[in-house]
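I opened my notebook today to look up a few things about how two chains are put together. Here is what I was working from.

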Amino acid sequence: MQAPIHNEAPHAKPESQVVLAARDVTKSFGAVRALKGVNFDVHRGQVTTLFGENGAGKSTLMKILSGVQKPSTGTIILDGEPVELDSTTDAQERGICIIHQELSLAPNMTVRDNIFMGREIRGKFGVDFAEEERQTRKLLEELEEDIDPLAKVEDLRLGQQQIVEIARALSVDARILIMDEPTSALSASEVEVLFKVIHDLKARGVSIVYISHHLEEALTITDHAVVLRDGNMTAYAPRSEIDLEWIVFNMVGENFDLGSPPQGYEFGAPALSIENLCVPSHTGVGLAVDHMDLEVKAGEIVCIYGLMGAGRTELMECAAGRLKNTEGSVKLHGHDISGLSIADRINAGLVLVPEDRQRDGLVQTMTVGKNLSLSSIGNFTKGLFTNHKAEDQIIEESIRDVTVKTDGPHAAIGSLSGGNQQKVVIGKMLVTDPTVIMLDEPSRGIDIGAKAEVFKLLAERAKQGLAVVYTTSEVTECLSIAHRIIVMRRGQISAEFSHDTTKEAIMAASGESLVA
Amino acid sequence: MADTTASANAPGKKSNVSIGKMLLEGRAFFALIAIIAIFSFLSDNYFSLNNFLIMSNHVAIFGLLAIGMLLVILNGGIDLSVGSVLGLSGVFAGWLMQGVELESMGVILYPPVWAVVILTLTLGAFVGLINGILISRFNVPAFVATLGSLYVARGAALLMTNGLTYNNLGGKAELGNTGFDWLGFNRIANVPVGVIILAIVAVLTGLVLTRTAFGRWLYSSGGNERAAELSGVPTARVKITVYVLSGICASIAGLVLSSQLTSAGPTAGTTYELTAIAAVVIGGAALTGGRGGILGTMLGAFVIGFLSDGLVIIGVSSYWQTVFTGAVIVLAVLLNSIQYGGAKRR
């Protein structure tokens with residue numbers, strides 16, 4: 001099979017060419033419908049890329065194709081036969097292999113052990129380590145990566161770990177290889193290596209399902225494009241018929257209105273002043289935030305845009321008191337708040353809505369109401385005891401205020417959809433009457449309607465004098481309610497824009513489009 | 001996450017008892033009813049008020065330990081030292097009752113009983129404080145830190161008595177330190193003092209868990225420590241406090257036990273920590289933290305106590321008691337994981 005057959009419409013192809021197909025696949029998690037009927041084909045020896053924003057359902061679809069999860073309805077067709085993939089092992093035996101976005105390596109073990117984990121080569125005396133090592137070396141040579149098979153995974157750079165993950169998938173002779181954001185942690189040269197490998201694989205007849213946020217990068221490698229939006233498949237076309245604009249249009253839809261910067265009032269005094277701030281990176285090498293200055297006035301909305309690892313999260317977690325800075329200061333209304341605990345900063349009016357809702361935002365074992373009131377227990381505690389009546393009042397006001405759709409304050413937090421869970425996290429912080437709110441990726445994993453509602457809520461609060469800082473990795477969200485857009489790159493501000501800038505300018509400043 | 005049984009964790013919300021909660025805490029309740037019914041059928045002596053009070057007095061020891069353990073487990077930790085702290089507290093109280101000789105001044109001090117009680121509780125709190133600091137400040141896993149204090153406290157108790165037992169804790173009227181046996185022997189309105197103490201501690205703990213900010217902090221930091229911390233909960237302080245409270249509960253139990261026995265032996269309370277954990281688990285608490293309540297834990301303690309006393313009354317070998325207790329624990333945990341299993345899909 002020779003790879004580049006760009007110019008045929010998928011339905012015009014003979015049926016034998018389609019190795020894997022999805023038909024009317026849906027998937028629900030409780031109240032959340034992650035996929036609402038998806039159809040597409042994967043062609044032998046070609047790359048099919050899934051495009052879509054966060055929460056569009058790409059990762060869910062991948063998990064279904066690789067046997068991690070089962071579809072709620074619909075069928076997966078492999079080589080023309082409907083199949084039920086019971087597990088990843090089952091999928092692997094049928095030749096479908098997935099490389100997850102989150103690395104699934106055992107950091108305490110060697111490269112060799114990781115590659116052969118679960119299918120060790122048996123020798124006369126237990127495991128045949130020499131043979132494993134030989135094969136590992138061969139695989140890594142094919143990938144043109146100079147990694148010692150006996151090195152521990154935890155000692156490798158993140159990009160190298162990703163390569164190991166890819167090597168593991170290749171080692172099982174996968175016919176269909178699913179790559180979920182494989183380049184997100186790779187350097188430009190590593191991406192080149194990967195793309196070369198992908199070309200080799202295509203020549204060998206391996207089909208590839210590819211997911212990436214780097215649209216331009218994905219366009220250089222793909223043969224077919226499938227676009228998802230809010231769990232729906234919005235478009236499906238071969239490479240020859242599409243371009244960047246087509247993808248963005250289908251991803252975002254008819255320019256869904258995410259609001260505009262609130263106008264008609266003057267900003268107040270500086271609320272949050274970050275001066276010369278340095279935060280060490282969590283790996284211990286270098287700085288995640290590198291001598292950064294930022295000032296946000298009361299009533300102002302600032303958006304911080306940047307790629308993964310640009311230092312946005314570290315900046316916010318440091319300002320919130322979770323991480324320590326090595327240099328510089330954080331001032332709230334002119335007062336230095338270094339040394340204050342997280343609780344003290346919340347009392348002083350500075351709150352953070354963390355990036356990872358499940359891990360950092362919600363207490364899954366508590367109800368919607370108790371999650372909402374968690375940060376403001378002091379407001380309804382009289383003397384020693386909490387006042388349930390006062391608490392219920394606060395909770396009910398908050399549910400109405402941030403428009404949480406729930407069966408009531410006593411519903412389980414897990415019964416809410418992602419968007420409503422996010423509103424609970426935001427609501428929890430708004431109840432404390434903050435003067436500065438920082439939101440790390442507030443739109444992550446929530447549908448477009450909920451996004452608009454969250455932004456509207458923030459815009460209204462800003463009008464009342466709240467200083468808002470939010471981060472995003474979606475350019476469209478920069479150009480919504482923010483008065484000012486800051487682009488971060490490697491811990492520093494690489495550019496600053498007012499709200500009338502263009503998507504292209506923002507992306508260029510982040511370094512996104514520089515990847516070949 | 002289709003099912004909504006997770007709403008079971010609305011502890012103490014008396015105004016809205018959900019079905020999930022009834023199932024959760026009802027389980028231990030039905031087990032207790034079944035135990036009482038079966039033993040009443042097997043033995044004429046079992047079903048009488050007096051027997052219930054005697055059994056409850058036994059339960060008081062485990063119950064007090066279990067309350068402290070509940071706080072720790074709600075926080076997502078474990079406290080293996082409570083059995084040893086119980087023993088150490090008894091010995092320490094006994095040592096104080098025998099008179100403390102100050103050699104330099106050539107006098108022997110006989111502290112009054114109230115002072116003995118306060119000093120002993122302080123000792124329990126101190127051991128708990130060390131556990132808490134090790135776990136919270138120095139990130140020693142709770143299992144290991146409290147395993148260490150299990151050995152240290154037991155060793156200290158053995159050293160204090162040289163392996164012997166303090167008898168005669170009654171005190172002498174002329175020394176003004178009588179009354180220690182009041183805790184274990186006296187009855188108020190025919191109810192043993194030990195049971196009353198258990199009830200008071202249980203009610204106080206229930207109030208703390210459901211009606212105070214600390215209670216809410218405890219549930220939230222046990223449910224998701226990172227989220228709680230970012231919400232402004234002083235998670236480190238909460239963690240240290242629960243171990244201190246657990247130590248105090250163990251000391252109370254040590255005082256009650258040594259008073260009941262009118263003697264304090266250094267090996268008292270060996271393996272009681274496991275019984276306390278069992279009571280908490282039977283009561284429906286999750287070892288991962290964040291789920292559980294005082295009512296369940298009390299029922300769990302009574303299930304264990306009434307079961308083993310019942311087996312004694314009908315004359316079953318004590319070896320069988322061990323087997324039965326083990327089976328009940330496994331059954332309880334099995335039901336817990338069935339109940340909570342539905343909420344953890346991802």
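Helices (H or I, at least four residues) and strands (E, at least two) are DSSP runs, numbered from the N terminus. This is a predicted model, in which local features need pLDDT of at least 70 and side-chain atom pairs count only at pLDDT 80 or more, while totals for chains, interfaces and linings use all residues. Residues are numbered from 1 along each chain as its sequence is written, and chains are lettered from A and ligands numbered from 1 in the order in which they are written.

**Entry 1: a hairpin in chain A**

I looked up Lys331(A) and found that its bridge partner in S17(A) is Asp336(A). S16(A) and S17 (residues 335-336) of chain A pair in the antiparallel sense over 2 bridges. Between these strands sit 2 residues, and His333(A) in this hairpin takes a positive phi near 50°. Lys331(A) of S16(A) is also the bridge partner of Ser273(A). That belongs to the antiparallel pairing of S13 (residues 270-280) with S16 (residues 327-332) of chain A, which has 5 bridges.

**Entry 2: the open sheet of chain A**

In what order do the 6 strands of the open sheet run? I read S6-S9-S10-S3-S11-S12 (chain A), with mixed pairing. S6 (96-99) and S12 (232-238) of chain A are at the edges with a single partner strand each, so one side of each has no neighbour in the sheet. On average, neighbouring strands are turned by 15° against each other, direction ignored. (Axes are lines fitted to C-alpha atoms, for helices over the stretch in contact, and angles run from 0 to 180 degrees between N-to-C directions.)

I then checked S3 (residues 47-51) and S11 (residues 224-229) of chain A, which run parallel and are joined by 4 bridges. Phe51(A) has Val227(A) as its bridge partner in S11(A). Helix H8 (residues 244-252) of chain A packs on the sheet, touching S3, S11 and S12 of chain A, and its direction makes about 25° with that of S11(A). Contact here asks for C-beta atoms, placed from the backbone, within 7 Å.

**Entry 3: two helices of chain B**

I found that the axes of H2 (residues 49-74) and H10 (residues 235-261) of chain B come within 8 Å and cross at roughly 175°. H2(B) and H10(B) are therefore roughly antiparallel (under 35 degrees counts as roughly parallel, over 145 as roughly antiparallel, 65 to 115 as roughly perpendicular, the rest as oblique). Their contact has 17 nonpolar, 2 polar and no charged residues. For the classes, Ala, Val, Leu, Ile, Met, Phe, Trp, Tyr, Cys and Pro count as nonpolar, Asp, Glu, Lys and Arg as charged, and the others, Gly among them, as polar.

**Entry 4: where the chains meet**

How many residues does each chain give to the contact? I noted 28 from chain B and 33 from chain A. Helices H8 (213-223) and H9 (225-230) of chain B are the elements that give two or more residues to chain B's side. That side divides into 11 nonpolar, 12 polar and 5 charged residues.

Is H8(B) mostly covered or uncovered? Mostly covered: 10 of its 11 residues are buried, including Trp217(B) and Tyr219(B). (Buried takes 20 or more other C-beta atoms within 10 Å of a residue's own, exposed 12 or fewer, partly exposed in between; C-beta atoms are placed from the backbone.) The cover includes H12 (368-373) of chain A together with H2, H7 (193-211), H9 and H10 of chain B.

Notes: Contact = placed C-beta atoms within 7 Å. Pairing = 2+ DSSP bridges.
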